[in-house]
Amino acid sequence: MAAPGLSTYEAFVALHGAALSASAVPARYWPSLWHKLENEVFDAGECFGIMQVEEVEEEEGDNEDMKEKMKKRINPSSKLCYKVIVTNENGLEAAKPNSIFLIDHAWTYRIEHASHQLRQVPGLLHRMASLMGIDFHGEVPDERVVDQVLEDMWRYNQTYQLSHGTAEEKVPVWYIMDEFGSRIQHSDDPTFAMAPLFYMPQQIAYTVLWPLRDLDTGEEVTRDFAYGETDCLIRKCRLLPWLPGEVQEIDPFTREPSDEYYQAILNENKEKLPVSIKPPGYAKDKVFKVYTDLQQVLQNLTHPRFEFTDSEEEADIIYSFSHFKDYRKLSEERPHVMLNQFPCENLLTVKDCLAHISRRVGGSEGPKWLPRTFSLHTELPQFISYFQLRERRGKDNHWICKPWNLARSLDTCVTKSLPSIIRQRESSPKVVSKYIENPVLFHLEDTGLVKFDIRYIVLLRSLKPLKVYVYDVFWLRFSNRPFSLDDLDDYEKHFTVMNYAPRLPLKQIHCSEFVPLFEKQYPECSWQSVEVSPIN
């Protein structure tokens, strides 16, 4: 192959070099990769072939070795499995610069759209069923087959995430490779590595495949499904979608992280903690000067005891959208200033930290008002142990999986599939919380019994002494469809965040109207007791 034009290749490296380096793609392959991407060269068929293997039934009896072999099969329930082997008569040399290959993607989607696409996109259900070995020959989408694909797809799913764009655009994307890529099996000692690559000029994602060593004709192409994971227990947990097993030996109870964990968060935030101060008193007629960069405050703060200033230095109140960091300087030089942020507040606003902190109140299971919660990044074995314990005891096992640090229900799903939850760990940092299977519901006349949520504004005035104020005007949001513990991908049934989705109806009731209606529907519960209970 002729050497690429320097300026064109340099542009490719400038755009994709960081991603290729992060994926550990050897630089010797980059020129050939650029050529294949630019010209859409899919030449894996010249070097590899797919072999269908029929596994011979053997009487197991008490043969422990055979039972162990059955457990270790990637597809233990199927008599047919596939392998990808090297078919080139000369084998494959890892040192050759063109020993890198593109794999196309058969299906790319976001989780919330998967079920709808399987039912609506022509040919998609047939292709996925065939790829996954699910028997389906009809013309009309079969709900049983759709459900089976939604369950089995977690043994085939891969993921990537865009680094630029809106919050919605950066939600992780899931994809299933074509029949060639999906037939490559797992090995703890893999012969190949692979990684997704989003090719910017075409705005298309591919998977890149390259050898880790030389291979002879007939050798199998394998990859590590838990690539890069060296911890034996975490490897076992991550491989459970393909190699089912129990983790009963793991204590499911979670413990608060060490002081070093919190110190690392503080260091990452680059916050300087304040000195202890005594909150000053203010004259009842004092007019407070307010500095803010929020239009909502500028437009709505009209009380005569507040006036705006363009100088942060002369402000009595700083109401800032930007992350404030130097609390020490503020507390030492201007202790009278009130700020709309407090040190290390992300320990409460980031979901995994909130769960850790909350356990200080209710022990390892947390307080009653917080469903049992695990961080998939740091508590995966404990979660799996707890999930399997509930499964053995016949308890409900619906869970809600959420990103640590996103809002508006973005990248959030409800599931009862353990493989689905385990694979979520590969996208963005997430927590998983027990889904409330019997929530308090509110009857809307035009809809029926629906889920709802309540949003209060809480003002933390000081920590020592603790002074907290709660605004008694609260906001309500409702689901658009009656609740039932099914159709888990039905957003309007299981979620209440409709105010960011312009195409969805938004049902609202003012709190003053809601309270008497709630007390009528639940005469045994006065609203005052509902409000007081969480606070106490």
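**View 1. Glutamate 219 pairs up with arginine 213 in a salt bridge (a side-chain nitrogen of Lys or Arg within 4 Å of a carboxyl oxygen of Asp or Glu).** The closest N and O atoms sit 2.9 Å apart. Glutamate 219 is partly exposed at a relative accessible area of 23%, and arginine 213 is partly exposed too, at 36%. For these labels, buried means under 20% relative accessible area, exposed means over 50%, and partly exposed is in between (1.4 Å probe, protein chains only). Keep in mind that this is a predicted model, where local features need pLDDT of at least 70, side-chain atom pairs count only at pLDDT 80 or more, and totals for chains, interfaces and linings use all residues. Residues are numbered from 1 along each chain as its sequence is written, and side-chain values use heavy atoms, leaving out hydrogens and water.

**View 2. Glutamate 143 reaches arginine 119 in a salt bridge, with 2.5 Å between the closest N and O atoms.** This one ties together distant parts of the chain, as glutamate 143 belongs to helix H6 (residues 143-152) and arginine 119 to helix H4 (residues 114-120), 24 residues apart. Helices here are DSSP runs of H or I with at least four residues, numbered from the N terminus. Glutamate 143 is partly exposed at 41% relative accessibility, and arginine 119 is partly exposed at 30%.

**View 3. Glutamate 437 and lysine 434 meet through their side chains in a salt bridge (3.1 Å, N to O).** Lysine 434 is buried, at a relative accessible area of 10%, whereas glutamate 437 is partly exposed at 30%.

**View 4. Asp188, Asp224 and Arg235 form a network of salt bridges.** Overall, the model's count comes to 25 salt bridges.

Terms used: Helix = DSSP H or I, 4+ residues; strand = E, 2+ residues; numbered from the N terminus.
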